[in-house]
Amino acid sequence: MNELLAPLQSLKQSNWFKLICGASFQHLPSVRSLTLAYTLAGADCIDVAADPAVIDVVKQAFSVAKTLVKETQAKGFNWQGNLPLLMVSLNDGEDPHFRKAKFNPTDCPDNCSKPCEKICPAQAIVFNSQINNQKDSSSGIIAEKCYGCGRCVPICPYGIIDTVSHLSPLGAILPLIMSTGIDAIEIHTKVGRLPEFEDLWSKIAPWANKLKLLAISCNDGEGLIDYLKSVYNLIVPLPQVLIWQTDGRSMSGDIGDGTTITAIKLGQKVLAANLPGHVQLAGGTNNYTVPKLKTLGMLGGGKLENSPGQLAGVAYGSYARVLLSPVIDQLESWEVNTKKSQRLEDQPELLWQAVKLANSLVSQIKSQSDL
């Protein structure tokens with residue numbers, strides 16, 4: 001099967017797996033490691049920030065993966081060498097996926113228990129030791145690691161943490177992004193932002209014929225289905241495959257199993273609308289999602305009575321990244337100790353540990369023959 005056709009076939013087979021690295025997550029070593037592990041585990045799509053440096057490390061990971069096909073199979077993973085689609089995320093307005101936390105660590109009282117540091121799933125908040133009562137200038141937010149979940153904001157006892165949002169600078173960056181050979185674009189939008197969406201689409205449309213897939217990501221809201229129908233009318237005729245990504249509860253899958261219920265309810269709502277294109281779950285997805293979907297007859301080819309239909313697949317963000325954090329943390333620790341860059345493929349024990357962890361999630365939606 002053609003490499004690019006293989007992931008698209010997964011959409012038709014209702015076993016599409018997408019890794020969301022994060023629209024604001026720009027920690028290059030982590031993106032590279034996540035991409036490599038989930039590629040070898042059989043992911044169909046890697047969704048990353050619209051940043052040429054991030055795109056470059058994803059492509060590096062793809063190149064490494066291609067050299068490991070036989071070794072991956074020898075380790076008991078049935079990946080056939082089909083690379084995932086490379087997707088970048090863009091936004092048409094304010095969106096939690098496109099923001100970063102911000103605060104001045106010198107404003108933090110010395111006796112603060114620093115709950116923000118403990119709650120951050122990306123380990124993007126650090127407080128280094130004080131020397132001669134002078135706070136270390138490296139304390140605070142590690143910007144490239146922060147992906148905008150916002151959990152640190154309400155938990156700060158002194159209310160000094162804020163967030164800074166950004167819009168995709170399409171005028172300058174879109175031609176550069178397209179020249180890197182990406183396969184897909186995802187547009188994050190919100191009910192009521194049709195003029196903003198139309199403006200963004202007008203910039204993307206001239207490049208659309210270069211894409212294999214377009215995804216529209218939207219969370220719930222009053223008038224959601226009518227809004228999605230209006231969006232569809234703007235983008236047709238569309239030569240690419242279309243995905244409606246239902247963003248149930250953004251960036252929350254690692255919090256607990258209950259978050260996936262919100263994601264499933266939104267997926268049911270959009271499926272019932274019978275919009276043209278595929279429907280794919282996101283936002284709150286985790287280890288509980290696929291088993292629950294299968295019991296509801298929404299995944300796996302066996303539609304149950306009263307089920308709204310079959311989802312095309314599931315995307316995982318914070319849960320998928322946190323799942324691999326033990327490996328990535330160890331890799332970073334070695335870098336600090338050796339003062340040398342440590343690539344995942346250069347540490348075979350860690351590499352196959354990471355692939356095993358990734359496969360534990362990917363294999364829920366895929367049988368061995370699917371990879």
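**View 1. Lys-18 and Glu-186 form a salt bridge, with 2.5 Å between the closest N and O atoms.** A salt bridge here is a side-chain nitrogen of Lys or Arg within 4 Å of a carboxyl oxygen of Asp or Glu. Lys-18 belongs to strand β1 (residues 16-22) and Glu-186 to strand β8 (residues 184-189), so the pair ties together parts that are 168 residues apart in sequence. Helices (H or I, at least four residues) and strands (E, at least two) are DSSP runs, numbered from the N terminus. Lys-18 counts as buried because its relative accessibility is 0%, and Glu-186 is likewise buried, at 1%. Buried means under 20% relative accessible area, exposed over 50%, and partly exposed in between (1.4 Å probe, protein chains only).

The model shown in every view is predicted: local features need pLDDT of at least 70, side-chain atom pairs count only at pLDDT 80 or more, and totals for chains, interfaces and linings use all residues. Residues are numbered from 1 along each chain as its sequence is written, and side-chain values use heavy atoms, with hydrogens and water left out.

**View 2. Glu-345 and Arg-32 meet through their side chains in a salt bridge (2.8 Å, N to O).** The pair links distant parts of the chain, 313 residues apart: Glu-345 is in the loop between α13 (325-338) and α14 (348-365), and Arg-32 is in helix α2 (residues 28-40). Glu-345 is buried, at 17% relative accessibility. Arg-32 is buried too, with a relative accessible area of 11%.

**View 3. Asp-220 and Lys-269 form a salt bridge whose closest N and O atoms are 2.7 Å apart.** Asp-220 sits in the loop between β9 (213-218) and α9 (224-235), while Lys-269 is in helix α10 (residues 259-273); the two are 49 residues apart and link distant parts of the chain. Asp-220 is partly exposed, at 41% relative accessibility. Lys-269 is also partly exposed, with a relative accessible area of 34%. The structure holds eleven salt bridges.

View 4. Eleven residues of domain 1 are in contact (heavy atoms within 4.5 Å) with ten residues of domain 2.

**View 5. One salt bridge is counted between domain 1 and domain 2.** On the side of domain 1 that touches domain 2, four residues are nonpolar, five polar and two charged. In this grouping Ala, Val, Leu, Ile, Met, Phe, Trp, Tyr, Cys and Pro count as nonpolar, Asp, Glu, Lys and Arg as charged, and the others, Gly among them, as polar. The side chains of Arg-151 and Asp-254 meet in a salt bridge, at 2.6 Å from N to O.

**View 6. Met-251 has a positive phi of about 50 degrees although it is not a glycine.** Met-251 is in the loop between β10 and α10, and is buried, at 12% relative accessibility. Asn-274, not a glycine either, has a positive phi of about 55 degrees. Asn-274 is placed in the loop between α10 and β11 (278-282) and counts as exposed, at 66% relative accessibility.

**View 7. The peptide bond from Val-236 to Pro-237 is cis, with omega near -5 degrees.** Pro-237 lies in the loop between α9 and β10 (241-247).

**View 8. Ala-61 is a buried residue, with a relative accessible area of 0%.** Its place is in helix α3 (residues 52-66). Leaving aside neighbours within four places in sequence, Ala-61 is in contact with Arg-32, Thr-35 and Leu-36. The C-alpha atoms of Ala-61 and Val-31 are separated by 9.0 Å, and these residues are 30 residues apart along the chain.
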